[in-house]
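Let's take a friendly walk through this model together. Please have the sequence and the 3D view open as you read.

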Amino acid sequence: SQITTLINHKDKPKRSDKTLQAIQRVGQAVNLAVGRFVTVGEAIANENHELKEEMSVACIEARRAGETIAQLTDVASLDHPESDSHITIFTDKTGVVKAARLLLSSVTKVLVLADRIVIKQIITSRNKVLATMEQLEKVSSFQEFVQIFSQFGNEMVEFAHLTGDRQNDLKDEKKKARMAASRAVLEKCTMMLLTASKTCLRHPDCESARINKDGVFHRMRLALEQVIEIVTDSRPNGENEMAPISIYSGIKEFKNKVEGLRENLYFLSKENLSTMLEVILEHTEDFTDSAYTSHEHREHILELSKQAKMELEQLVSVWMQAQNQKTKDLMEDLEVAILKTCQCMNELKREVHSAATSLAADLLKYHTDHMVLKALKITGVEGNLEAVAEYTCKLSEQKEQLVEMCRLLRHVSGTEPLEITCIHAEDTFQVTGPQIISAAETLALHPSSKIAKENLEVFCEAWVSQLSDMSMLLREINDVFEGRRGEKRVYLSLPRPGKHNANLKALKPVKLDTEEQAKIAKLGLELHLLTSDVDSETEKWEDQENEIVQHGQGMSSMAYSMYLFTRGEGLLKTTQDLFHQAEIFAAEGTKLASALHAFSDQVHNDDKPLLLLEAEKLVSMCKQLQITAKASVQGKSATFTKVDACILKTRNVMTVLCQLLPLCCKLLRKARNGCLTPAPLWREDRIRTGTNAHTPERRAETFGIKSLENHVTNMTFLESK
């Protein structure tokens, strides 16, 4: 930022003392910042000898460049810089440019080297864990196992901390979700490894106990390998990761291409569109071929697939004609064909979503009693091998059902992180099912063994835990589909360019440039955080159909669209779109205020003044926002000022909304109960619950460090036992 200021300063014939002093201050600030940065780099170099030389060279270059910039900007004491022999920014601007380039280059080198060191620390930690795991596999006495496991536990805690920090630093949501899944596997497998190894030591000649233990070690090694793949951004043998395409993402991409024909008739070929649809329809066969899809859903999916082909044929026909002759009638026919094709794809998406989620809901409800797991524990303790064999067959059937459920849910998950969570759940059921069976067989062969019983309990708990996670995952998938979370609901109340809106021709659409986006980024981020807070508050309401909740969710979604605009993303493409959205947002806020006035009749007299005060505050802010959004401006600078004001006032409204929602929720409970029930302050409550407590990344990000530390602490007790 400081360097950009220096490079972009305008050469004026007259330079005031104020200008000279400002330039000198900037130069000194750059030099001081570089000095602090380099001090940290040198400290890292001293601790890591293998990279010390490279790091030291980069630090020296950075320091030299910082000093050069300070010298070239040392102009405040010069009365006539041009006639002085001293070279300054005014006599040698190219020198500043060279020094700036050298500085940025060397700073980048320091950052890259520091990152390599972090990656090396994680790899070293992984190697320690693997080496100790090998020792654990070969151990033959319980006492030796306890000692080595204590060391293993400490190493796993260190690995957990390092990978947790790395996960938080990852910018790619897909990698973040993969890291979370791998770390969740390692957390659960740590306890499994303990009981499976103890069972194997107690019953060394038992084949099922050995199979059970080997399965845990194998899964841990795969998870450790995946963490390293994510950290180093590499695949074994140079393979490229080919993620399976889901129906949801396929339809989204297909619709984007189809809608793109409005702007450009020549940007893709008809063969491309046909191929994309064929791929989507091939994936629908996962539903139509599944034994668990209902007859009704299967028939609807087949009908919609057939209709999609027909709609595309009609679209291609009109499209080809429009390429040759752009008449008004043909362009209107093309618009109709685009709308019908997209509508058909939306219906197909809705149908597969309904098929997957209804199957999941039915299966999860059916398996809530965990009858098969209970039966396996009872028959195992009885030593009834025949009954255990019967129930293991039932568990295998249940596993196949749940695996199929995960595969179908992945198609409709809606976001890449949720897709990865579905894949992780599928793997967990695939692996845990056979492990429960081998643990049950071991118990049936040794019915009096306490450790074999404990081992079966651990694997059954993992199964139950995964079923519980699936219920949460199903809710999240439904939330994304309905627009309540993840890729938020986008308001289509914007004017659409084309034949239906002649007034748009009078408007000159303006986009924010990169510099303007950078200026407004902080405000946009604050708005994003507030939308998360509002979503968190609305989820606490039991009645999701409540008018206050509905308005709150609507405002949150619109605010999220405005946040995306500050990043150059989303449906709001121009400043005019943003101003239109701000008007609708303000109108929604006014409707919420009316709902609050109606709600005030239900609350106690003591609470009414506070509620009405907040409602009036909301009305006032919404009016101010409407005035700002409707104000006419000309010129780039004035337009940006208006954008900034609209985002700022939207943020202020969202801040009030964050306070109103918990207040109304509290008053509603109080009115229903007819008694005074103190509730925590809204901000404290939000901090405690977190803004995204239910997302798979948040659930897994702590990687059970506490539970790992508890394993290690408990080893003292095991050793004495």
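Helices (H or I, at least four residues) and strands (E, at least two) are DSSP runs, numbered from the N terminus. This is a predicted model, in which local features need pLDDT of at least 70, side-chain atom pairs count only at pLDDT 80 or more, and totals for chains, interfaces and linings use all residues. Residues are numbered from 1 along each chain as its sequence is written, and side-chain values use heavy atoms, with hydrogens and water left out.

**The chain as a whole**

The chain has 23 helices and zero strands. Of its 721 residues, 47% count as buried, where buried means under 20% relative accessible area, exposed means over 50% and partly exposed lies in between (1.4 Å probe, protein chains only). A contact is a pair of heavy atoms within 4.5 Å. Among contacts between residues at least 6 apart in sequence, 77% join residues at least 24 apart.

**Helix H8 and its neighbours**

Helix H8 covers residues 247-260, 14 residues in total. From its first C-alpha to its last it reaches 20 Å, close to the 20 Å expected at 1.5 Å a residue; the expected span is 1.5 Å times one less than the number of residues. Which residues of H8 are buried? They are Ile247, Tyr248, Gly250, Ile251, Phe254, Lys255, Val258 and Gly260. These buried residues pack against helix H9 (270-288), helix H10 (295-324), helix H11 (328-366) and helix H13 (385-411).

Two packed helices are described by the angle between their axes and the distance between the axes. Here the axes are lines fitted to C-alpha atoms, for helices over the stretch in contact, and angles run from 0 to 180 degrees between N-to-C directions. Angles under 35 degrees count as roughly parallel, over 145 as roughly antiparallel, 65 to 115 as roughly perpendicular and the rest as oblique.

| Pair | Angle | Axis distance |
|---|---|---|
| H11 and H13 | about 150 degrees | 9 Å |
| H6 and H7 | roughly 155 degrees | within 8 Å |
| H11 and H15 | about 155 degrees | 11 Å |

Start with H11 and H13, which pack at about 150 degrees and are therefore roughly antiparallel to each other. Their crossing is left-handed; a crossing has that hand if the near helix is turned anticlockwise from the far one by less than a right angle, and is right-handed if clockwise. H11 brings Ala356, Thr357, Leu359, Ala360, Leu363 and Leu364 to the contact, and H13 brings Gln401, Met405, Leu408 and Leu409. By class, this contact of H11 with H13 has eight nonpolar, two polar and no charged residues. In that count Ala, Val, Leu, Ile, Met, Phe, Trp, Tyr, Cys and Pro are nonpolar, Asp, Glu, Lys and Arg are charged, and the others, Gly among them, are polar.

H11 also packs with helix H15 (residues 450-482), at an angle of about 155 degrees. That makes H11 roughly antiparallel to H15. The crossing of H11 past H15 is left-handed. On the H11 side the contact includes Lys349, Arg350 and His353, and on the H15 side it includes Leu467, Met470 and Phe481. Its make-up by class is eight nonpolar, four polar and two charged residues.

Helix H6 (residues 173-202) and helix H7 (residues 207-232) form the other pair, crossing at roughly 155 degrees. The crossing of H6 and H7 is left-handed, and their contact has 17 nonpolar, six polar and six charged residues.

**Individual residues**

Glu404 is found in helix H13. Is Glu404 buried or exposed? Glu404 is buried, with a relative accessible area of 15%. Leaving aside neighbours within four places in sequence, Glu404 is in contact with Asp286, Ser290 and Tyr292.

Phe565, in helix H17 (residues 547-566), is buried at a relative accessible area of 4%. Not counting residues up to four places away in sequence, Phe565 touches Leu512, Leu572, Lys573, Thr574, Thr575, Leu578 and Val643. Phe565 and Thr575 are ten residues apart in sequence and 8.7 Å apart in space, C-alpha to C-alpha.

Finally, look at the loop between H11 and helix H12 (371-382), where His370 lies. Most residues other than glycine have a negative phi. The phi of His370 is near 55 degrees, a positive value. At 23% relative accessibility, His370 counts as partly exposed.
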